[in-house]
Amino acid sequence: MGTRRWVAAAAAVMVALLLLSAASHGGRRGPSFNSNNRTFVFNYTLAKTIVEYASAVYMTDLTALYTWTCSRCNDLTKGFEIRCIIVDIQNCLQAFIGVDHNLNAVIVAIRGTQENSVQNWIKDLVWKQVDLNYPNMPDAKVFGMNLIYVLCFFTRVGCSFIYFLMRFMFWLKVHTGFYSAYNNTLLRPAITNAVRKARRLYGDISVIVTGHSMGGAMASFCALDLAISLGSDSVHLMTFGQPRIGNAAFASYFEQYVPSAIRVTHEHDIVPHLPPYFFFLPHLTYHHFPREVFPCINLESV
């Protein structure tokens with residue numbers, strides 16, 4: 001009797017893997033740049049433009065930033081219209097939202113780690129995972145719970161065992177520090193409000209979210225949040241040297257809802273290799289979502 005239960009459990013694992021694979025691949029769509037009918041693919045001009053926004057958000061002179069006259073507010077980003085600057089002093093966070101009329105898109109840029117910020121370094125180093133949970137987030141836990149009920153019914157394995165298996169292999173788990181830095185601070189409500197106002201003023205133009213290092217991690221959560229509320233076709237993401245932010249189930253989920261995502265990585269940068277991935281625990285450790293680009297020139301030097 002015990003052998004049959006373990007056989008059934010093994011079968012449950014196989015069924016779960018097949019269902020997860022189907023769920024993560026079935027709904028993918030090619031990325032598009034709806035505002036101007038261009039495909040959101042990597043090219044150096046676009047990347048150099050966006051990396052200038054990811055660089056400018058580090059500026060501490062807020063007056064120069066708001067008037068877009070700072071030392072990094074030039075070249076390909078001339079004419080950028082700042083709509084909102086967000087400064088969370090308590091959590092040492094900064095971001096801005098504005099409109100790039102050449103790209104016909106709302107730009108969201110989120111600052112990365114400040115070297116002298118204890119809060120930022122703590123968020124970087126705490127690798128604990130928590131459940132991903134946004135309001136109106138589709139298919140996340142519903143899929144996992146439905147899968148548990150199906151496997152319990154067909155295999156007759158104890159539901160506690162199946163639930164334990166699902167929690168560790170298929171639940172959407174994300175980095176505690178990066179997720180809370182976006183979700184539990186001023187960033188999330190202020191960014192979503194500013195983006196909605198800009199789109200009401202200029203029409204339903206696309207949104208491009210960017211950030212460097214820790215800012216790229218928060219930008220990824222921001223892009224997913226906006227894609228859920230505005231639609232996948234409206235939101236695009238390009239980050240620079242960002243760390244991993246979630247487990248394998250999250251990476252598949254993210255790819256489905258934010259297909260227009262590009263991670264620009266420099267080969268000598270250690271940050272994209274953190275938090276670590278362990279091949280012997282593929283479902284429990286951190287995974288990157290696609291697509292990754294290794295440019296021939298160092299864009300981060302911009």
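# Why these labels?

Visitor: Which residue stands opposite Ile85 in strand 2?
Guide: Ile85 stands opposite Phe96. This is a predicted model: local features need pLDDT of at least 70, side-chain atom pairs count only at pLDDT 80 or more, and totals for chains, interfaces and linings use all residues. Residues are numbered from 1 along each chain as its sequence is written, and side-chain values use heavy atoms, leaving out hydrogens and water.

Visitor: What makes strand 1 and strand 2 a pair?
Guide: Strands are DSSP runs of E, at least two residues; helices are runs of H or I, at least four, both numbered from the N terminus. Pairing takes at least two bridges found by DSSP. Strand 1 (residues 81-88) and strand 2 (residues 93-100) have 7 bridges and run antiparallel.

Visitor: Why is the pair of Tyr53 and Trp68 called tilted?
Guide: Rings of Phe, Tyr and Trp (its six-membered ring) pair if their centres lie within 6.5 Å; planes under 30 degrees apart are stacked, over 60 edge-to-face, the rest tilted. Here the centres are 5.8 Å apart and the planes at 40°, so the pair is tilted.

Visitor: What makes Tyr179 and Phe221 edge-to-face?
Guide: Their planes are 65° apart, with 5.5 Å centre to centre. Tyr179 lies in helix 7 and Phe221 in helix 9, so the pair ties together parts 42 residues apart in sequence.

Visitor: How do you know that the charged end of Arg263 sits over the ring of Phe289?
Guide: The rule wants NZ of Lys or CZ of Arg within 6 Å of the ring centre and within 35 degrees of the ring normal. The charged end of Arg263 is 5.6 Å from the centre of the Phe289 ring and counts as sitting over it.
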